Amino acid sequence: MNKYYLGVDLGSTTSKAIIINEKDEIIGRGITNTRANYEVAAEIARLEATFDARFNLLKIKLKNEIEDHPEKLTYIEDLKAVFQYLQFKERLEILHKELKKTVNTSFTDELKEKLSGYVDDIISNIGPGIKNEYLHGHLGEKNQFFRDVIGEKYHAEVEKLDKDFFEPLMLLFDKSITPVENEMVDYNFVELVHESIEILDEKYNGVGRSGDEEKSIHFDVELHLLEGNYQSVSESLKDHIEYIAEMEIHIANMVGTGYGRALLPFPKDSIKSEILCHAFGAHAIFPNTRTVLDIGGQDTKAIQVDSHGLVTSFHMNDRCAAGCGRYLGYVADEFSLSLNELGPLALDAEKEVNICSTCTVFAGAEIRELLNVGEKREDILAGLHRSIVIRAMSLIARSGGVRNEFTFTGGVARNQAVLKYIKDMIYASYGNDITINIDTDSIFMGALGGAMFARRNLRADLPNKKSQNKVKSVN
Amino acid sequence: MSSATKQRAEVNKERSMILQKEMAGKLFKDLSTAKETGKKVVYTFVPGNLSELIHAFDLIPVYPEINALQSGMRKKSGDYIREAEKYGHSEDVCTYVKCDIGMMLKGNIGPTGEKIPDPDLLLLSYTGCFTFLKWFESLEDLYPNVEIAMLHTPYQKDGEITGEMTQYMVKQLKEEVIPKMEKVSGIKYDEDKLKGILENSVKTENLIVDIFDTPKNVPSPIDAYFAGVYYIGPINIGFRGTPEAVNYYQELYKEILERAEKGLGPVTPEGEIEEERFRLVVEGPPNWTSFREFWKLFYDLGAVIVASTYTKVGGVYDMGFRHDPNRPLESLAEYCMNCYTNLNLPQRIDLLEKCITEYHADGFLVNSIKSCNSFSAGQLLMMRTLEEKLEIPVGFIESDLVDPRYFSYANIKNRLESFFQMLEQRKLIIE
C-alpha cells in the first residue's frame, strides 16, 4: 500500500493541509478559514486535502491516457468542480436550517413569519447562481471559503429586500453562520462522486442541445471536445473513478504546525514550530534558499536556513499587525474592496503616497485624511503595500539580511503589488543577482514542511545515529 | 509537572538559601529601624556599586532596582508603574525607574513589608546608564534636601581602562564622593578599614568566579541565569566586602560542588532537572513579573542556562578583575569602569564568546528588554557576530523588566519552542 504523509498548518487566518507521497510530491491541498473551532478548521483542511488527493491521484493514474485524450482531464476537472458544488450545497442546506432555527429562537413573533419567508427566498435565489458559478465559472478553483462566498451573496440578496428588514436579516446571518461553520459535515466521497457524475451528465446533455449563444469561449472548447463524446469519456473513466473513490489513502504519519498547533489533536511528537516547517517547505521547493520571508495573516517571519533546510536563526514580528496580512484585510474594508482587488489596483498607481502610520487601526484615519486631500485611491494603496514591504525589509535586516536565494511564502505572497515592492527592495538592498523565488503554493509552505517532517523520521534518516538515544522527545 | 524535572517529596531548602534569607531580613530590619538607630541611608545602584566604601562609612544601602525587581516578582509593579505614569512618567521610561518611583509614591514599603527610610545620600557611582542620572533627578524631586554625590564613569570606548581614566575617577572619589559620605555619616574616611573590607571582597569574588565556573560540568549543577540571579543576590544588595557574604558564598559553593560530584542538574521550583537537553548562554535581564512562568518555559524542555550576562551586572570578574586592598580607591574606580554595560561591544562579544565556548553552549539567546537601553543597544550586532563567528544557533525574544503589560507568554513560548526545536535538529546533525 502506498504511504502518504499529512501536514496541517493551523494559521491565525487560514488553515492549510498538504498530503505528500513518498517522493515528497504534493498530491493534495486543502485550505479553509481558521474559525473559532480549531479542530474543525484542521479537520476541514485535512478532508479537503484528501478529496483533492483523490482527484489528483486519478490524474496521475491516467497520465498517459490524458496526454492522448485531453478531454479526459477536462472531464475530471469538471467532475471536481461539481463535487465542490455538492459540498457547498450540503453546507448551504445546513445554513438554511440554522437560519430558520435562529429565526424561531432569537426574534419576536411579529418578525418570525416575515423573516422566515425572506430566508426561504434568499436561499432559493442564491442556490442556482452558486451552482452555475461552480459548474461554469470555476468558483471551486478560487479557494474562497464558504463564509465569504455565502456572506457576499446573502448580503446582495438582503439589499434587494425591504430596508426595514436589513438589520434583522444581517443579524440573523451573523448569529447563524458561526455554528454552521463550526459543524463538521460528514461528506461521503463515493456518494458525492456518483451524484457529481449525474449532474455532469445533465450539464453535457444540456450543452449539446441548448446551443446557447452566451457560452464562454472556454466552454465552447470543452463542448467541442466532449460533444457527442462525453458518454464514452464518462464510461472510460468510470472504473478508474470508482477505484480512486474507494481506495484508502493511508496517512502513515502527520505533523501539525502553525499558531494553533498546540490545539491540534495530534501527539506531541507530531507538533512542530511553524518557523521550522515554513523553512523546510520553502527549502524543499527551492533547495538553494538561504533566506525565507513569510508574511501570514497575523505575523511576519524572516528565517535563515542552512543547506539542509534547517533554521539557523529567525526574527518575528508578532506584536504589530501593520506588517501582516490582516493589515491588507483592514485596508480592503476601509476602501470597501475585496482583498483580491487591492494588489491589482495598487499596481495601477502613478506614485506611492507615503503612509506614516505604524498602526493598522490608525492607518484607517490616515487613509481617510489622504482621500480628503485629494490623493488617488490607487496611489494610497501603492503606499500601503510599500509600507508593508518596508517593515518586512527591516525584519529581514534584523535576521541577518538576504543570503543567496530568497524565498517569499505565506498568504500575502499572492498579492502582486507586495511582490513588486519585495522584488524592488530586495534587489536594491542586496543586489540584482539575488534569486527571488515565489511559488504558487506559497501559502501551503508551512503545511508542506510539516508533511515533509512527517515523512522523515529525522532521527532515523540522518546519517549519524549516535545521538538517537540522547535526545528524547519533548513531552 | 514537566518531564524534565522531578518533584521532591518536600522542598529541601539548602543552607545557603536560609543564610541569604537571614541576610536580606537583617538588612531590611536595619533599614526599617534606621531612623531610631541613627544609621544613615544611601540610595545607590547595582552596576558600579561602591559597597566597600558604603560599609567603610557604616551607611546602609538601598538599591532601587532590587526593590523594583522584588516588586515585579511580588506582582506589585503593575500598580507602581501606573502610579508613576500618573505622576507624569512616559510609557517608554525604564520600568525599574517607574516601579521604584511608584513604590515611593505609595509609601515606600519594601519587599519585606517594612518601610524603607528616606535617603540621606543619593550616590550615583555609574553614569554609563543615562537613565540612572534621570532616576536620581526624580528622586531629588521627591526628597528635596537630600545630599547627592555623583561619580562620572568613563566608557571603555577603546576596550581598555587607561591610567588617566583611573586617576580621573580617583580624583572624583577623593574630592566629591568621600567628602559627601563623611558629611552624611559623620565618620572620617579610614583607608585601613576600607582595605579590610576589600580583603573580604576579593574572597567573595574568587568564590563567585568558581561558582559560575561550575557549568563546565555536564550536566551543569546550576542554572546560571534563573538560579544565578538568586546567587548574586547578596552582593547585589550590598553585602560584598562583609564576612557574611564570604560565609554565604563558601556555603553555596560547597553545596554546588556536592551536586556536581553527584552528577546532579540544577534545582528548579519543581525539582531538579533530570535531563539536560540544551545548554544556553543568555544575554539580557530576565522578566521579573512572570519569572516563574518564564523559567518554566526553559526547564520544562530541559534547557539549562550555563552562563548569563545579567548575573555580571554586579561585577564582571571573568576577565580577571578583583578588588585590590593595596590599591583601594584605584580598584574601586576600575571596578566601576569594568561594569558589564560599560564594556564596549567587542568586549561584550569576547566575554560572551568565552562563555559559549568554555561552557559548551548549544545556543545563544537574547532577551531584549524594551525599556533598557544599556542592555539592548547593540544586542543584534552582538548576536549576528556570535552567530557568524561561532556558527551557533541564536534566538531573540522580547519582554520587559517589571512591566507586566510587556510580557506576552504566548509569543515568548512560540518563539522559544521554535528555538528549542531548531537546536534539537542541529544537535541531531552535528553530534
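Which residues of helix 17 of chain B are buried? Select B:Met382, B:Met383 and B:Leu386: these are the buried residues of that helix. Buried means 20 or more other C-beta atoms within 10 Å of the residue's own; exposed means 12 or fewer, partly exposed lies in between, and C-beta atoms are placed from the backbone.

Before moving on, note that this is a predicted model: local features need pLDDT of at least 70, side-chain atom pairs count only at pLDDT 80 or more, and totals for chains, interfaces and linings use all residues. Residues are numbered from 1 along each chain as its sequence is written, while chains are lettered from A and ligands numbered from 1 in the order in which they are written. Helices (H or I, at least four residues) and strands (E, at least two) are DSSP runs, numbered from the N terminus.

**Stop 1: helix 17, chain B**

Contact here means C-beta atoms, placed from the backbone, within 7 Å.

Turn to the face away from the buried side. It carries the exposed residues B:Leu381 and B:Glu388. Step just past the helix to B:Glu391, which takes a positive phi of about 50 degrees.

**Stop 2: B:His360**

Select B:His360, in the loop between helix 15 and strand 10 of chain B. Its phi is positive, about 50 degrees, although it is not a glycine. B:His360 is exposed, with 12 other C-beta atoms within 10 Å.

**Stop 3: helix 9, chain B**

Select residues 191-211 of chain B. At 1.5 Å a residue, these 21 residues should span 30 Å, and the end C-alpha atoms are 30 Å apart, which agrees. The expected span is 1.5 Å times one less than the number of residues. Buried residues include B:Leu194, B:Ile197, B:Asn200 and B:Glu205. Among the elements covering the buried residues are helix 12 (243-261) and helix 14 (328-337) of chain B.

Follow the chain to B:Pro219, in the loop between helix 9 and helix 10 of chain B. A cis peptide bond joins B:Val218 to B:Pro219, with omega about -5 degrees.

**Stop 4: a sheet in chain B**

Four strands form an open sheet in the order 3-2-4-5, with parallel pairing. Strands pair if DSSP finds at least two bridges between them. The edge strands are strand 3 (60-62) and strand 5 (147-150) of chain B; each pairs on one side only. Zoom in on B:Val42, which stands opposite B:Pro61 in strand 3 of chain B.

**Stop 5: strand 5, chain A**

Switch to chain A and select residues 289-295. Six of the seven residues of this strand are buried. Strand 5 of chain A pairs in the parallel sense with strand 8 (residues 405-409) over five bridges. There, A:Thr289 has A:Glu405 as its bridge partner. Strand 5 of chain A also pairs in the antiparallel sense with strand 6 (residues 300-305), over five bridges. A:Asp294 is partnered by A:Lys301. Strands 5 and 6 of chain A form a hairpin with four residues between them.

**Last stop: A:Asp24**

Finish in the loop between strand 2 (14-20) and strand 3 (26-33) of chain A, where A:Asp24 lies. Phi of A:Asp24 is near 65 degrees. A:Asp24 is partly exposed, with 14 other C-beta atoms within 10 Å.

How values were computed. Two residues are in contact if their C-beta atoms, placed from the backbone, lie within 7 Å.
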